[in-house]
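Please keep the sequence and the structure in view while reading.

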Amino acid sequence: MAEPRVGIIMGSQSDWPTLKPAAEILDELGVTYEMRIVSAHRTPDRLWDYGKSAAARGLGAIIAGAGGAAHLPGMMASKTRVPVIGVPVETRALGGVDSLYSIVQMPRGFPVATMAIGGGMNAGLMAAAILAVSDDALGTRLDAWREALSASIPEEPVDE
């Protein structure tokens with residue numbers, strides 16, 4: 001099997017439903033990926049090791065989903081030069097706004113490309129777009145996917 005080009009990491013198993021659409025779109029576009037549970041608070045050594053090794057292992061993007069305090073994307077950005085795409089996970093208490101604010105408010109020097117709350121699919125598309133800058137075949141597949149999406153939108157509304 002080919003080496004993964006994208007890392008999909010999450011703070012806990014409960015974040016997987018939010019990130020699964022990222023994996024599905026990467027599958028559709030033919031992009032290899034790996035999935036790991038990497039908690040910023042409960043497995044900090046795993047986070048450090050993952051971030052430090054990401055570039056050397058050939059990852060071109062990391063999708064990091066987290067809820068609540070949502071420190072995972074920002075902490076990962078502090079440990080790697082690989083672009084990090086943050087996905088805020090919806091929470092019961094504040095509907096994910098807490099996650100969004102935590103991910104989007106990064107200090108200077110450690111940017112995280114932040115998706116909408118629950119934006120796993122867009123995170124997968126962003127990762128593919130980052131990789132497509134230097135992969136013409138992937139760029140062609142991504143362009144075709146977008147063209148098919150546009151073609152699927154009717155010009156006029158219909159009664160259902």
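## Thr91 and its surroundings

The side chains of Thr91 and Asp98 are joined by a polar contact of 2.9 Å, a polar contact being a pair of N or O atoms within 3.5 Å, of which, within protein, one must be able to donate a hydrogen and the other to accept it, while residues adjacent in sequence count only if both atoms are side-chain atoms. The Thr91 side chain also reaches the backbone nitrogen of Leu94 at 3.5 Å. The model is predicted, so that local features need pLDDT of at least 70 and side-chain atom pairs count only at pLDDT 80 or more, whereas totals for chains, interfaces and linings use all residues. Residues are numbered from 1 along each chain as its sequence is written, and side-chain values use heavy atoms, with hydrogens and water left out.

Thr91 lies in the loop between strand 4 and helix 4 (97-104), where helices (H or I, at least four residues) and strands (E, at least two) are DSSP runs numbered from the N terminus. Thr91 is buried, with a relative accessible area of 17%; buried means under 20% relative accessible area, exposed over 50%, and partly exposed in between (1.4 Å probe, protein chains only). Leaving out residues up to four places away in sequence, Thr91 touches Gly67, Gly68, Gly96, Asp98 and Ser99, contact meaning heavy atoms within 4.5 Å.

## Two further loop residues

Ala70, in the loop between strand 3 and helix 3 (72-77), has a positive phi of about 50° although it is not a glycine, and it counts as buried at 4% relative accessibility.

Asp135 is found in the loop between helix 5 (120-132) and helix 6 (136-151). This residue is buried at a relative accessible area of 16%, and its side chain makes a polar contact with that of Arg5 at 2.8 Å.

## Nonpolar cores

A nonpolar core is a set of buried Ala, Val, Leu, Ile, Met, Phe, Trp, Tyr and Cys residues joined through side-chain atoms within 4.5 Å. Within the largest, which has 25 residues, Val6, Ile8, Leu26, Leu29, Val31, Ile63 and Ile85 touch the most other members. Two or more residues of this core come from each of strand 1 (6-10), helix 1 (16-29), strand 3 (61-67), strand 4 (84-89), helix 5 and helix 6. A second, separate core of 18 residues includes Ala40, Leu59, Met76 and Val84.
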